[in-house]
Every structure is written in structure tokens, then in C-alpha cells.
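Thanks for coming. I will go through the disulfides and then the aromatic side chains. Please have a look at the sequence and the structure first.

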Amino acid sequence: MNTRSWLVLSTLGLSLSAPLGLAQTRSSYIDATSYLSSRPEYPAWLELRSNLKENFDDICGDTFCEGDYSNIQSLRFQCSVNSKTGVIGQCVWVFAASNEELDSSTGAITVQTQTWTCQSPLASGTTMAQLLTALSGPSPLYATLPGTSTTLYAGLGDCL
């Protein structure tokens, strides 16, 4: 093989291997439910979400659920997780509410709706296993998030 052929093949080999190498190191994020569905932590995830909803319902009337939107509802707490490492990309908690105004002369009802997407104040590099451990128990809303000195409750104050 001459030098020119070797250079051509080397160049082709390098250019073909670069995308393969990148594909192998690229992050692939999936939702936490998919990530945990075949793992023993799955029941802990379901319990965490249920407890967060219950914790929010317990405090709503005394805190966030005042004013025009007195019926704020927790829709879902969701996290993205790196499928290979278990590191969380982001967690958000989604809420919705409505305000209804009745026209007494016509009986018509005007509805205003509002949604909130509250990003959880997680430390970079937090794994799903760390989150589940830190937020286990009946009051995850008030538990300190791993690697921080804050809670999900404190994060809601900046959002709702």
C-alpha cells in the first residue's frame, strides 16, 4: 500500500470512528418512571410522588392557594434521568389552577386558567438513588435535597 492510500484510509477510518465514539459518550435522558420501572426503587418513586401531592394539598390553603387562584392542584412531579449513570438532568413540579367569575345577570361563567412549571433546586450531579433516599418518608416536601441546604418547599416559594 502506498503512502497516499494509507493517508486516505487513515483519514476515512478516523472520520468514521469519530461519530461512533461520540454516539457512545452522548447522554441519553429518559423520564424517571421509565428509568425506575424495572428497578427496586420504583415503589419508592411512586410513594414519593404521592407524598409530595399530599404534602402540597395539606399546606395549599395556608400558603400558596390564596387570592385569585385558590384551587392550585399538583399535576405531576417529574424528573429526567441519564439512562446510563442515574444522574438527574432536571426535576420539575407542574401545577394548575383556575379562577371562575359568574355573571349573575346572564349565568355565564368566565374561566381564567393558570399553570406553573416549578424547577426543583437540585445540586448538579444528584442521582436518582440519592433523591429517593433523601426524600423518603411521609414529608418529602420539607426534606433537605441532596448536596444542598434547601427543600422542594423553598423552591416552590420562588415559583408559585
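Which cysteine does a disulfide join to Cys118? The partner is Cys159, and the two sulfur atoms are 2.1 Å apart. Keep in mind that this is a predicted model. The torsion about the S-S bond of Cys118 and Cys159 is about -80 degrees, so this disulfide is left-handed. Cys118 lies in strand 4, residues 109–119, while Cys159 lies in the segment after helix 5 (152–157), so the pair ties together parts that are 41 residues apart in sequence. The two ends have their own accessibilities: Cys118 has 3% and counts as buried, whereas Cys159, at 24%, counts as partly exposed.

The count comes to three disulfides, so let me take the others in turn.

Cys79 is joined to Cys91, S to S 1.9 Å. The angle about that S-S bond is 105 degrees, and the link is right-handed. Cys79 sits in strand 2 (residues 73–82) and Cys91 in strand 3 (residues 88–102), so this pair ties together parts 12 residues apart in sequence. Cys79 is buried, with a relative accessible area of 2%, and Cys91 is buried at 1%.

Then there is the disulfide of Cys60 and Cys65, with the sulfur atoms 1.3 Å apart. This link is left-handed, with -60 degrees about the S-S bond. Both cysteines, Cys60 and Cys65, are buried.

If you number the bonded cysteines of the chain in sequence order, the pairing reads 1-2, 3-4, 5-6.

Now the rings. Searching the whole structure gives nine aromatic pairs. In one of them, Phe56 and Phe64 have ring centres 6.0 Å apart and planes at 15 degrees; planes under 30 degrees apart count as stacked, so this pair is stacked. Phe56 is buried at 0% relative accessibility, and Phe64 is buried at 16%.

How are the planes of Trp93 and Phe95 set, stacked or tilted? Their ring centres are 4.9 Å apart and their planes are at 40 degrees, so the pair is tilted. Trp93 counts as buried at 2% relative accessibility, and Phe95 counts as buried at 0%.

One last item concerns a charge and a ring: Arg39 lies over the face of Tyr35, 4.0 Å from the ring centre.

Definitions and conventions. Residues numbered from 1 in each chain as written. Predicted model: local features only at pLDDT ≥ 70, side-chain atom pairs only at ≥ 80, totals over all residues. Heavy atoms only, no water. Phe/Tyr/Trp six-rings, centres within 6.5 Å; stacked < 30°, edge-to-face > 60°. Buried < 20%, exposed > 50% of the residue type's maximum accessible area, 1.4 Å probe, protein only. Lys NZ or Arg CZ within 6 Å of the ring centre and 35° of its normal. Disulfide = S-S within 2.5 Å. Helix = DSSP H or I, 4+ residues; strand = E, 2+ residues; numbered from the N terminus.
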